[in-house]
Amino acid sequence: MKASEDSNMEGTKIVLASQSPRRKELLERAGIEFTIIPSTMDENSNCKEPDKLAEELALTKARDVAQNIKNTETAKGCEKVVVIGADTVVAKNELVLGKPADEDDAAWMISQLQGDVHQVYTGVAFVVLENGKASEHSFVEKTDVYVSPMTEDEIKTYVATGEPMDKAGAYGIQGHFCVYVEKINGDYSNVVGLPIARVYNVLKTKIVTI
């Protein structure tokens, strides 16, 4: 979605409010030009419902960055600035599994996921700055992930790779853990961290009319 490819995007600057390398890669694959300005807000919430939690945190991140840049050089000279915030939540039976505190915590999380199905929710929020005003659009995408039964040794071996330590639910579907994923029901990129097809569609069809 380069300006030269879509006249509606001329004069529009897109900002990703995340330093996730996975979200960065997905946006790049979609051909979307963007700038990274990560949010510095604490990811704290009292919300217990995983879908609402993901959307709330995504909105918090997008609003934080939008507020910080609205009067800066980043926004100057642009007819419209679109800040994209995202947050991914892994849940098993509505219990939210965040990023593991240590290897023992990671092993426990994987033990809860193995041999069963769980859900991955990614909340995506768009804060649009235009003509001195801000407008918002957000959604939540859900994917069911089915994990094969795993032995204790397999869990320990996977945790020892270090891959689980910075990921919600203690695994990355695009990494070593892929051999344990039997199937998914929904968007694969959503599990990676950003439902890129839906993001692209929103940018193309809704942002210009928000």
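Predicted model: local features only at pLDDT ≥ 70, side-chain atom pairs only at ≥ 80, totals over all residues.

Me: Is T12 buried or exposed?
Reply: Helices (H or I, at least four residues) and strands (E, at least two) are DSSP runs, numbered from the N terminus, and T12 belongs to strand β1, residues 12-16. Leaving aside residues up to four places away in sequence, T12 touches K80 and V82. Buried means under 20% relative accessible area, exposed over 50% and partly exposed in between, with a 1.4 Å probe and protein chains only. At a relative accessible area of 19%, T12 is buried.

Me: Why is β1 largely enclosed by the rest of the structure?
Reply: The count of buried residues gives the reason. β1 is largely enclosed because the buried residues number 4 of the 5.

Me: Which residue of β2 is the bridge partner of L16?
Reply: Two strands pair if DSSP finds at least two bridges between them. β1 pairs with β3 in the parallel sense over 5 bridges, with I14 opposite V82. β1 also runs parallel to strand β2 (residues 35-36), joined by 2 bridges. In β2, the partner of L16 is I36.

Me: Which residue in the turn between β5 and β6 has a positive phi?
Reply: Strands β5 (residues 117-130) and β6 (residues 133-147) run antiparallel and are joined by 14 bridges, with H118 opposite V145. The two strands form a hairpin with 2 residues between them. The turn residue with a positive phi, about 55 degrees, is N131.

Me: How many residues apart in sequence are the parts tied together by F126 and F139?
Reply: Rings of Phe, Tyr and Trp (its six-membered ring) pair if their centres lie within 6.5 Å; planes under 30 degrees apart count as stacked, over 60 as edge-to-face and the rest as tilted. The structure holds 4 aromatic pairs. F126 and F139 form a tilted one, 6.3 Å centre to centre with 35 degrees between the planes. F126 lies in β5 and F139 in β6, so the pair ties together parts whose separation in sequence is 13 residues.

Me: Over which ring does the charged end of K183 sit?
Reply: A charge sits over a ring if NZ of Lys or CZ of Arg is within 6 Å of the ring centre and within 35 degrees of the ring normal. The charged end of K183 is 4.7 Å from the centre of the ring in question, that of Y146.

Me: Within what arc do the buried residues of α3 fall?
Reply: The buried residues of α3 are A106, M109, I110 and L113. They line one face of the helix, because seen down the axis of α3 they fall within an arc of 95 degrees. The arc is that of the directions from the helix axis to the C-beta atoms. These buried residues pack against β3 (80-92), β4 (95-97), β5, β6 and α4, and the arc asked for is 95 degrees.

Me: Against which helix do the buried residues of α4 pack?
Reply: In helix α4 (residues 152-160) the buried residues are I155, Y158 and V159. They fall within an arc of 100 degrees seen down the axis, so they line one face of α4. On the other side, D153, K156, T157 and A160 are exposed. The buried residues of α4 pack against α3.

Notes: Residues numbered from 1 in each chain as written. Heavy atoms only, no water. Contact = heavy atoms within 4.5 Å.
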